[in-house]
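Please work through the following exercises on charged side-chain pairs. Each task is followed by a solution in steps.

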Amino acid sequence: MQFEVWAPLRDRVAVRLDGATYEMGRDPDRDGWWTVRAPARDGSRYGFLLDDDPVPRPDPRGRRLPDGPDGLSAVVDLDALAPPPGVGAGRPLQDAVLYELHIGTFTPEGTFDAAAARLGHLASLGVTHVELMPVCPFSGRHGWGYDGVAPWAVHEPYGGPAGLARFTAAAHAAGLGVVLDVVHNHLGPSGNHLPAFGPYFTDTHHTPWGSAVNLDAPGSDEVRAYLLGSALSWLRDFGLDGLRLDAVHALADERALTFLEELSAAVDALAAETGRPLFLIAESDRCDPRTTTPRAAGGLGLHAQWNDDFHHALHCALTGESQGYYADFAQAPTAALAKTLTRGFFHDGTWSSFRGRTHGRPVDRRRTPAHRFLGYSQTHDQIGNRALGDRLSASLSPGLLACAAALTLTGPFVPMLFMGEEWGARTPWQYFTDHPDPELAEAVRTGRRREFAEHGWKAEEIPDPQDPATRDRSCLDWSEPGQEGHARLLDWYRTLVALRRTHPDLRDPDLAAVRVAYDEERRWLTFRRGDVRVAVNLSPRPVTIALGRNGVRVLASWAPVDHPDPAGRLHLPPESPVILGP
């Protein structure tokens, strides 16, 4: 078997393989690379010895870390895990309904196999893709996954690479695509061995996590190839259908051809080669339509981006909250929601009080299809970054939860749900970690409490991230979907997903064709997509909305609603949505 590693600053490299040591030689054709052939099999343990260091380090491109980030790598027979040719859901993003899922808390067991046993629930819900939060190895057993340190490997407590392969196969068999959240902007604070091998990081730029991932300094060609190879391996070797790219605004990259352009070109080439509609979804704080503008038109060429502006406007309209980044949206939340439904971004060159400057860039609605954006009422960030990790269901009525679902699932953007929201889960989703290093654990604990103390919270009120009970509280309670109130909301979600699937107008990508009317004071909003009308009453009082004489009838409603009267007036109960069509 061929072993190879990039270690340009080292004078000696050897591989420790199943207890034996094999000296490696420099590759004459690749600067900084070392290679050797040695006998190995699936499961063989190995690591690299660098110069005179007697402790072997795991392979930066290793696929499995059975003993965690500080242990040896294990050889993985990828041929045994590869999906059969032609297998995969193959559904394009524009027709998708995504479901964000955290393997470690989707079930109490916290494994791929346990999650796969619940895929029937997602298939009956009608979603098309599961979006997995990061699964790369991190220190400890439990965590959100954004502290991963081995971008080519799979967290062993979840089931390792074989577990991911089984989950993906089960999802595809159920007609579901699989999207994976990957992190390229930083590595976690514990178990990161990359700096020992080469210039994977640079002090040319600084990020909230310290030195930046090296995308543009000396040695960055190999670092880019490392990250590109990792991204493509998920799509090629495991048969995944897409990637979500974490916080791309935090990628420090000043090269003329950016890493994101390289990545989008490589994914498009793989899609053409395999005949599968692969896609990239960005998380970006920039409110910049160039993120998803095609490369030929001067953009980065990513296929979609999360739209936090839609979330923030919707959240303020539902809850009345106005703290932090909600402040600008809260001034006229229904108007803000209307703007995002028709123009994509709220901040499109407008003043942002949270940032203390103007922010964003206008979306060209006639050239930008609506499926360039994901719309959602809840995500892991928007729940878990709250002090108590409380969901909307902790404070809103069932009717307002139904309104949130209607606006998300019938709106112009590709809908995304967060696990459990479809039945109004009462379990929180809190911030939890499992750092073995006591100093790091205490730093995370005190940092979290210090952050929220600035907003008036007492230290004892903030859940301890290191307490195992914090993770346990965040696991879904699978007895809830069968309970009366939860079952009604779940049925509403299924109805909305089915309407989106059966009514082409609800998948129309023409953002310029969306028409919105609203009343800020009376807290109602209605929008039109083709022949379908959607109306929501966010007020605790009934409202009458003049729709005009257009012959629409009620297709679905949360509470009993009569068809519009002959004058086209719709009488809508308090805190209630309705979907109307011909």
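The exercises below concern salt bridges in this predicted model.

**Exercise 1.** Determine which residue forms a salt bridge with R30, and state where the two partners lie.

*Solution.* Step 1: the cut-off for a salt bridge is a side-chain nitrogen of Lys or Arg within 4 Å of a carboxyl oxygen of Asp or Glu. Step 2: R30 and E4 meet this rule, as their closest N and O atoms are 2.8 Å apart.

**Exercise 2.** Classify D53 and R57 as buried, partly exposed or exposed.

*Solution.* Step 1: buried means under 20% relative accessible area, and exposed means over 50%. Step 2: D53 has a value of 25%, so D53 is partly exposed. Step 3: R57, with 24%, is partly exposed. Step 4: D53 and R57 form a salt bridge, with 3.4 Å between the closest N and O atoms.

**Exercise 3.** State how many residues apart in sequence the parts tied together by R507 and D95 are.

*Solution.* Step 1: the side chains of R507 and D95 form a salt bridge at 3.5 Å, N to O. Step 2: R507 lies in the loop between α16 (484-502) and β20 (515-519), and D95 in the loop between α1 (78-81) and β8 (98-101); the pair therefore ties together parts 412 residues apart.

Methods. Residues are numbered from 1 along each chain as its sequence is written. This is a predicted model: local features need pLDDT of at least 70, side-chain atom pairs count only at pLDDT 80 or more; totals for chains, interfaces and linings use all residues. Side-chain values use heavy atoms; hydrogens and water are left out. Helices (H or I, at least four residues) and strands (E, at least two) are DSSP runs, numbered from the N terminus. Buried means under 20% relative accessible area, exposed over 50%, partly exposed in between (1.4 Å probe, protein chains only).
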